[in-house]
Amino acid sequence: MEIYNHYVRTSTCTYQEEDDTLPERQAWFQRHGSAHPIFVLEADDRLAAWASLSPFHPRSAYRFTVEDSIYVHPESLGQGLGQRMLEHLIATARQLGHQQLVGLISSDQAASVRLHETFGFQRVGHLPEVGVKFGRKLSLQLWQLGL
């Protein structure tokens with residue numbers, strides 16, 4: 001929660017505007033399972049990053065498509081942890097039999113765009129000005145990797 005809520009308060013990498021509460025985060029954990037795992041990475045005796053595979057959409061026809069999420073502790077940025085986490089998510093998604101991996105990335109998040117490009121994701125969509133955060137209109141990009 002500490003890592004995620006930091007980005008809720010300071011960044012457009014999530015369009016959530018209010019901190020997650022403990023019950024909300026617990027419900028989020030319960031919605032994940034063996035087909036949609038959550039991973040953590042520890043460094044220097046603390047949680048340095050977390051990542052997850054989440055259902056892309058609740059309708060059953062989307063069941064083989066997952067969305068990636070990666071959040072790195074602000075003190076651990078620039079150490080390649082995002083790359084390690086995305087590499088692990090891709091391998092896990094393949095092992096679990098998922099067919100498509102998508103990333104929904106705010107257009108102003110250049111580092112996230114570069115990360116996904118590095119792993120072969122293709123930009124397949126752009127939704128102009130679909131979000132508003134910090135008084136700014138935000139556009140969303142859809143990135144996709146066939147597994």
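Analyst: Contact here means that heavy atoms lie within 4.5 Å of one another, while helices (H or I, at least four residues) and strands (E, at least two) are DSSP runs numbered from the N terminus. The model is predicted, so that local features need pLDDT of at least 70 and side-chain atom pairs count only at pLDDT 80 or more, whereas totals for chains, interfaces and linings use all residues. Residues are numbered from 1 along each chain as its sequence is written, and side-chain values use heavy atoms, with hydrogens and water left out.

User: Which residues of helix 4 are buried, and what puts them on the same side of the helix?

Analyst: Within helix 4, which spans residues 110-118, the buried residues are Val 113, Leu 115 and His 116. Taking the directions from the helix axis to the C-beta atoms, these residues cover an arc of only 160 degrees, and therefore they share one side of helix 4. Ala 111, Arg 114 and Thr 118, on the other side of helix 4, are exposed. The cut-offs behind these words are relative accessible areas under 20% for buried and over 50% for exposed, with partly exposed in between (1.4 Å probe, protein chains only). Just after helix 4, Gly 120 takes a positive phi of about 90 degrees.

User: Why is Asp 44 called exposed, and why is Asp 45 called exposed?

Analyst: Asp 44 has a relative accessibility of 72%, which is over 50%, and therefore counts as exposed. Asp 45 reaches 81%, which is also over 50%, so that it too is exposed. Asp 44 lies in the loop between strand 1 and strand 2, and Asp 45 is found in the loop between strand 1 and strand 2 as well. Neither residue is a glycine, yet phi is positive in both, near 55 degrees for Asp 44 and near 60 degrees for Asp 45.

User: Why does Ala 48 count as buried, and which residues is it in contact with?

Analyst: Ala 48, a residue of strand 2, has 0% relative accessibility, which is under 20%, and so it counts as buried. Leaving aside neighbours within four places in sequence, its contacts are Ile 3, Leu 41, Glu 42, Ala 43, Val 72, His 73, Ser 76 and Leu 81.

User: What makes strand 1 and strand 5 the edges of the sheet?

Analyst: Six strands form an open sheet of mixed pairing in the order 1-2-3-4-6-5, where two strands pair if DSSP finds at least two bridges between them. Strand 1 (38-43) and strand 5 each have a single partner strand, so one side of each is left without a neighbour in the sheet. From one strand to the next, the twist averages 25 degrees. Strand 5 (residues 122-133) and strand 6 have eight bridges in the antiparallel sense, and as at least two are required, they count as paired. Among the facing residues, Gln 122 stands opposite Gln 144 in strand 6, and Lys 133 has Arg 136 as its bridge partner. The two strands form a hairpin with two residues between them, and Phe 134 in the turn has a positive phi of about 55 degrees.

User: Which residues have the most contacts inside the largest nonpolar core, and which element gives it the largest share?

Analyst: A nonpolar core is a set of buried Ala, Val, Leu, Ile, Met, Phe, Trp, Tyr and Cys residues joined through side-chain atoms within 4.5 Å. The largest such core has 21 residues, with the most contacts made by Ile 70, Leu 101 and Phe 121. Two or more residues come from each of strand 2 (46-55), strand 3, helix 3, strand 4, helix 4 and strand 6, and helix 3 gives the largest share, six residues. A second, separate core of seven residues includes Tyr 7, Val 8, Trp 50 and Tyr 71.

User: Why is the aromatic pair of Tyr 4 and Trp 50 called tilted?

Analyst: Rings of Phe, Tyr and Trp (its six-membered ring) pair if their centres lie within 6.5 Å, and planes under 30 degrees apart count as stacked, over 60 as edge-to-face and the rest as tilted. By this rule there are seven aromatic pairs. Tyr 4 and Trp 50 are 6.3 Å apart centre to centre with 55 degrees between the planes, and therefore they form a pair that is tilted. Tyr 4 is in helix 1 (residues 2-10) and Trp 50 in strand 2, 46 residues apart, and both are buried.

User: How do you know that Tyr 7 and Tyr 71 form a tilted pair, and what does the pair tie together?

Analyst: Their centres are 5.8 Å apart and their planes 50 degrees, so that the distance is within 6.5 Å and the angle falls in the tilted range. Tyr 7 lies in helix 1 and Tyr 71 in strand 3, so the pair ties together parts that are 64 residues apart in sequence. Tyr 7 counts as buried at 11% relative accessibility, as does Tyr 71 at 10%. Ring pairs link Tyr 4, Tyr 7, Trp 28, Phe 29, Trp 50 and Tyr 71 into a cluster.

Methods: Axes fitted to C-alpha atoms, helices over the stretch in contact; angles between N-to-C directions.
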